[in-house]
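Here are some notes for a colleague who is opening this structure for the first time. Please read them with the model in view.

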Amino acid sequence: MTLPGVLRRAAFVAVVLGVVGCGPMEETGGPEPIKRHLVYEKVVGETGIWIADEDRTRERLLVREGQLPVLSPDGKLVAYFADCRESNLGCTYIVSASGGKPRLLSTRRLDEAITWSSTSERIGSISAFGGREYQQGDEEDELMSIDVRSGEEVTLARAAQFFGWSFSPDGERVVFARVGRTADGYLSEDIDLFVTAADGGGTRR
């Protein structure tokens, strides 16, 4: 491939994510073959969210409108952002990695790239200003956890600012660092670390 061709191909890809999906044990006692995919967003040419095998073969369009796709750890679902009539702040959708009709998961404003739990049962993100377009008063950012099957949304924590967070390896808990504000309204220099259940409740410092 010529250099211009390489540059053109690189320009097609806005986001690329490789994910390993491991299924349950087969009856023979061995694990299912590992499934690997590339999921990415094309921003020129035939735009949209695309999926391909890890060697870039079998490239196919998943959805025509969408941004920042993220493949679930089990390789079965893709979560992404897109415009929608239900919210002028954008929505979160789920689509099968094998194709099909996308499902609206949430109309809440999410301001960080989607993170999947290791079990592929929940997604998480930060929602600024309580999910509103503009900050009203002293509204804080919210750390959100959303059940993929039911769409139930849980606010795990609120903070003037979060300094990182992640699901635990088993997907059952979430750890996060948050900072409050001083009496003068500035960000505090004290950053505390907390752990909470991924479905809400039981937060401890």
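This is a predicted model: local features need pLDDT of at least 70, side-chain atom pairs count only at pLDDT 80 or more; totals for chains, interfaces and linings use all residues.

1. An open sheet. Four strands form an open sheet in the order β5-β6-β7-β8, and their pairing is antiparallel. The edge positions are taken by β5 (67-71) and β8 (103-106); each has a single partner strand, so one side of each is left without a neighbour in the sheet. Neighbouring strands of this sheet are turned against each other by 35 degrees on average, with direction ignored.

2. Strand β6 covers residues 77-84 and pairs with β5 in the antiparallel sense over three bridges. Within this pair, Leu-71 stands opposite Val-78 of β6.

3. The largest nonpolar core. This core has 14 residues, and those with the most contacts inside it are Val-39, Ile-49, Leu-62, Val-78, Tyr-80, Tyr-93 and Val-95. At least two residues each are supplied by β3 (48-53), β4 (60-63), β6 and β7 (87-96). β6 gives the largest share, four residues. As background, nonpolar side chains tend to be buried together in soluble globular proteins.

4. Val-78 as an example. Leaving aside residues up to four places away in sequence, Val-78 touches Val-39, Leu-62, Pro-69, Val-70, Leu-71, Tyr-93, Ile-94, Val-95, Ala-97 and Trp-116. Among these, Leu-71 is also the residue that stands opposite Val-78 in the pairing of point 2.

5. A second core. A separate core of 13 residues includes Val-154, Leu-156, Ala-159 and Phe-194.

6. Strand β11. Are the residues of β11 (141-147) buried or exposed? Seven of its seven residues are buried. In a regular strand the side chains alternate between the two faces of the sheet. For β11 both faces are covered: Asp-141, Leu-143, Ser-145 and Asp-147 are buried on one side, and Glu-142, Met-144 and Ile-146 are buried on the other.

7. The partners of β11. Strand β10 (residues 122-127) pairs with β11 in the antiparallel sense over six bridges. Strand β12 (residues 153-159) also pairs with β11, again antiparallel and over six bridges. Leu-143 can be followed in both directions: Ile-126 stands opposite Leu-143 of β11, and the bridge partner of Leu-143 in β12 is Ala-157.

8. The hairpin of β11 and β12. Five residues lie between these two strands, and in this hairpin Gly-151 takes a positive phi near 80 degrees.

Definitions and conventions
Residues are numbered from 1 along each chain as its sequence is written. Side-chain values use heavy atoms; hydrogens and water are left out. Buried means under 20% relative accessible area, exposed over 50%, partly exposed in between (1.4 Å probe, protein chains only). Two strands pair if DSSP finds at least two bridges between them. Axes are lines fitted to C-alpha atoms, for helices over the stretch in contact, and angles run from 0 to 180 degrees between N-to-C directions. A nonpolar core is a set of buried Ala, Val, Leu, Ile, Met, Phe, Trp, Tyr and Cys residues joined through side-chain atoms within 4.5 Å. Contact means heavy atoms within 4.5 Å.
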